[in-house]
Each structure stands twice: as structure tokens, then as C-alpha cells.
Amino acid sequence: MAEIGLVPFARVALEVAHRVLPSYRSRFSKHQFTQPQLLAILCLMRYEDWTFRQAESRLAEHRDLREALHLRSVPDYTTLYRFLQRLDDDTVERGLGETVRRLRRGKTHVRVSAAIDGTGLSPHAVSTYFLRRVEQQNGGKKCFRHYLKWLIVVDVKQQIVLAQRARQGPWVDTRALPGLVDAAARRAPLRLVLADAEFDSEANHLHIRHGLRAQSIIPAQPRRGVPQGTLRGQMYRNFPQKEYGQRAKVETVFPVVKRKLSARAPGRRLVMQIRQALLLGLTYNLYRLRPRSTGKGCQQSHLKSFAISSYEKRGYIPLSGTHHCHPMPPPPLPRAGVESGRRR
């Protein structure tokens with residue numbers, strides 16, 4: 001089974017979905033599939049970058065995956081699409097908060113250092129090769145003027161997503177920082193907030209320091225001389241470069257998401273694309289939450305002791321400090337007279 005890693009992920013996704021969603025939407029539901037089951041399947045789609053039709057075929061092929069999700073039958077791809085249309089962003093945010101609570105179990109009161117950054121996601125399911133060919137035929141003109149901007153707040157130590165937001169780009173995201181750090185502070189107390197120059201503003205510094213009682217490190221962008229504002233001026237004159245180096249850890253989250261999960265947020269409408277991006281953040285935390293393999297694996301043999309014992313049995317003496325072996329000199333041959341006298 002190629003998708004053997006999906007089984008533990010599916011179990012964790014179903015457990016988290018049960019905490020944030022009731023079993024059925026109303027008492028008049030068909031009771032064929034539960035809402036947590038459908039949400040777990042959507043997370044599986046984000047985990048493996050499946051389409052709706054691929055999810056239906058994969059579930060039909062693998063019995064272990066159906067047993068992990070407690071499915072008696074395979075949902076149709078239209079069922080999954082309609083559930084995604086009904087799914088609201090608040091449910092995804094509750095699921096993200098549940099994953100953060102489980103990942104931070106035993107560290108609830110520990111203040112964390114958080115970093116905020118954004119990246120672009122492809123809003124289309126077509127291949128990049130197809131887009132390049134179309135651009136070549138159009139004389140180098142871009143096919144699409146917009147893309148999807150995904151903003152996240154990450155705990156730099158555990159590298160988990162504390163808060164997220166998606167919108168259409170390109171866009172100036174300076175005003176998005178207060179809402180993101182407030183959402184992150186509700187899930188983990190913040191000690192330090194790190195951001196790049198895109199979020200530079202005096203209002204953001206004041207919101208972090210006075211509203212959240214946390215330290216803020218944001219490099220100032222001097223457009224005309226020394227930046228205006230007390231805190232921005234301090235950042236310009238005495239920038240704490242050593243502490244700011246932790247912000248690079250947020251850059252490691254994006255490659256992990258795009259390599260192991262998906263780099264797309266497909267959808268015909270912007271609302272569906274935003275929901276797919278939010279599901280991607282939830283799936284990343286579920287990926288970090290899934291149980292690791294407990295097997296010890298192959299034990300390496302001690303080559304040195306094994307070589308010594310085998311050499312002694314074969315008549316070899318290893319040289320100290322080297323890996324080369326020289327054969328022992330053969331025993332001297334008996335003289336002819338002595339040997340002939342013994343035979344007599």
C-alpha cells in the first residue's frame with residue numbers, strides 16, 4: 001500500500017474533526033456520512049494534493065483508509081464538493097486551534113516567539129508548463145494578473161501554524177498584522193513577534209507592545225531619511241539583528257508545505273480558493289500532530305568487533321589505527337629428514 005502513511009493521518013484528522021463539528025448538520029440529514037468524516041477526507045485531499053475524483057477513487061481502492069475513517073461506503077465526489085461549499089472558515093479556524101492545543105499540551109502558559117510572513121499559492125490546477133506555453137504564445141504576457149496570498153503566524157520553536165489568513169494578491173499586508181497576532185495570542189501567549197519590512201508601521205509596533213505586552217522586531221524601511229516614529233526610529237538606529245535571525249524559521253515552513261503537501265489552492269471562485277488555503281494550514285498542523293513510527297528499524301552492527309573476531313578465526317591480525325588487514329605468516333615447513341624419520 002503506497003499510501004500507508006495516510007492511515008495514522010486519517011485517524012488524527014478524524015479525532016480533531018470530531019472536536020470541532022457535530023456528527024450531523026440537522027436531524028433531517030441522510031446519516032450516510034458524518035461531518036467529521038467529510039472534513040477528514042478534505043484534509044486528506046490537501047495532504048496528498050488530490051482532486052475530488054481522485055479522492056473518491058483512492059478511498060474505493062484502500063480498505064485500511066476506509067476503516068480508519070469509519071466509512072461504510074465511499075462518498076461521491078459531488079458530496080465532497082458540496083460539503084466544501086457549506087464549510088465555513090470559522091470551523092477551519094476551530095480545527096486549527098484544536099491542533100495547536102494538542103501540539104502545545106503541557107506548554108500552555110509558556111510564552112512563544114512568533115514570526116509572520118506570507119507566500120503565494122497557485123489558484124489554478126493547471127500545470128506550470130501549460131502556463132509557460134501560453135505565455136510564450138502570447139508574447140510573454142501573463143495569463144493571470146492575480147494570485148492567492150497566504151499569511152501565517154508560526155511558532156518559531158515548534159514550527160506550527162498559530163494563525164492564518166488568505167486573500168487575493170498582490171496586496172499590501174501591513175494592516176493584516178494586528179488581526180493575525182491577536183488570533184495567535186488567543187492560542188499561545190506571545191513573547192516576541194518577528195516580521196519582515198512588509199509589515200513595518202508605527203501602529204503595528206504599538207499594537208504588539210501595548211496591546212499584547214510583547215516585544216516587536218520589524219525592520220524599518222527608510223523612504224526619506226530617518227523613519228518617523230519613536231519605535232521605527234529605534235529599529236532604524238539599533239536593529240537587533242541576532243534576535244531577528246529567528247524569523248528565518250518561518251521561511252522553512254513554506255517549502256515544507258509546498259513540497260510535502262501542496263502549492264495550490266484550486267477553485268473556480270475566490271471564496272473556494274481561500275477555503276482551500278485555510279485547509280492547507282490545518283492539514284500542515286495535522287501533519288505535525290500525526291503519530292510517528294515507533295519501530296526501532298534496522299540496528300547497525302558494530303563493524304570493529306565483528307571484524308576482529310572474524311579476522312582471528314581466519315588467521316588475520318588487524319593493524320591498530322588502520323582498516324587494512326595483513327595475513328599471518330604461514331607456519332614453517334618441517335625439514336625432510338625429521339619428517340622422514342617420524343614416518344619410519
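Mentor: Let's start with Val153, which counts as buried because its relative accessibility is 1% (buried means under 20% relative accessible area, exposed over 50%, and partly exposed in between, with a 1.4 Å probe and protein chains only). Bear in mind that this is a predicted model, where local features need pLDDT of at least 70 and side-chain atom pairs count only at pLDDT 80 or more, while totals for chains, interfaces and linings use all residues. Residues are numbered from 1 along each chain as its sequence is written, and side-chain values use heavy atoms, leaving out hydrogens and water.

Val153 sits in strand β2, residues 147–155 (helices, H or I of at least four residues, and strands, E of at least two, are DSSP runs numbered from the N terminus). Setting aside residues up to four places away in sequence, Val153 touches Ala114, Ala115, Ile116, Ile160, Val161, Leu162, Ala163, Leu180 and Ala184 (contact means heavy atoms within 4.5 Å). From Val153 to Arg165 is 12 residues in sequence and 9.1 Å in space, C-alpha to C-alpha.

Follow Ile116 from there, and you reach Asp196. Beyond its neighbours within four places in sequence, Asp196 contacts Ile116, Asp117, Ile218, Pro219, Tyr244 and Arg247. Asp196 lies in the loop between β4 (190–195) and α9 (202–211). Although buried, Asp196 has no salt bridge, and Arg247, the nearest side chain of opposite charge, is 4.4 Å away. A salt bridge here needs a side-chain nitrogen of Lys or Arg within 4 Å of a carboxyl oxygen of Asp or Glu; Lys and Arg count as positive, Asp and Glu as negative, and His and the chain ends are not counted.

Asp200 forms a salt bridge with Arg232, with the closest N and O atoms 2.7 Å apart. This one links distant parts of the chain, from Asp200 in the loop to Arg232 in helix α10 (residues 230–237), 32 residues apart. Asp200 is buried, because its relative accessible area is 9%, and Arg232 counts as buried at 10%. Elsewhere, salt bridges that share partners join Glu15, Arg19, Glu98, Arg101 and Arg102 into one network.

Arg102 and Glu98 both lie in helix α6, four residues apart, about one turn of the helix. Glu15 and Pro36 are 21 residues apart along the chain, and their C-alpha atoms are separated by 8.2 Å.

In total, the count comes to 14 salt bridges. Another of them joins Arg275 and Asp89, N to O at 3.4 Å. This pair spans 186 residues, from Asp89 in helix α6 (residues 89–103) to Arg275 in helix α13. Arg275 counts as buried at 8%, while Asp89 is partly exposed at 30%.

The structure holds one cavity of 30 Å³ or more, lined by Ala13, Val16, Ala17, Leu39, Ala40, Cys43, Gly95, Leu282 and Leu286. The elements giving two or more residues to this lining are α1 (6–20), α2 (35–48) and α13 (270–289). On a 1 Å grid over the protein atoms alone, a cavity is a set of points where a 1.4 Å probe fits but cannot get out, a pocket is an open set with protein on both sides within 12 Å along at least five of seven lines, and lining residues have an atom within 4 Å of a point. The cavity lining divides into eight nonpolar residues, one polar and no charged (Ala, Val, Leu, Ile, Met, Phe, Trp, Tyr, Cys and Pro are nonpolar, Asp, Glu, Lys and Arg charged, and the others, Gly among them, polar).

The second largest pocket has 16 lining residues, of which Ser29, Lys30, Phe33, Leu38 and Arg86 lie nearest its centre. Here α2 and α5 (77–86) give two or more residues each. By class, this pocket's lining has five nonpolar, seven polar and four charged residues.

Technical notes:
Grid points are joined across faces, edges and corners, and a volume is the space filled by probe spheres set on the points.
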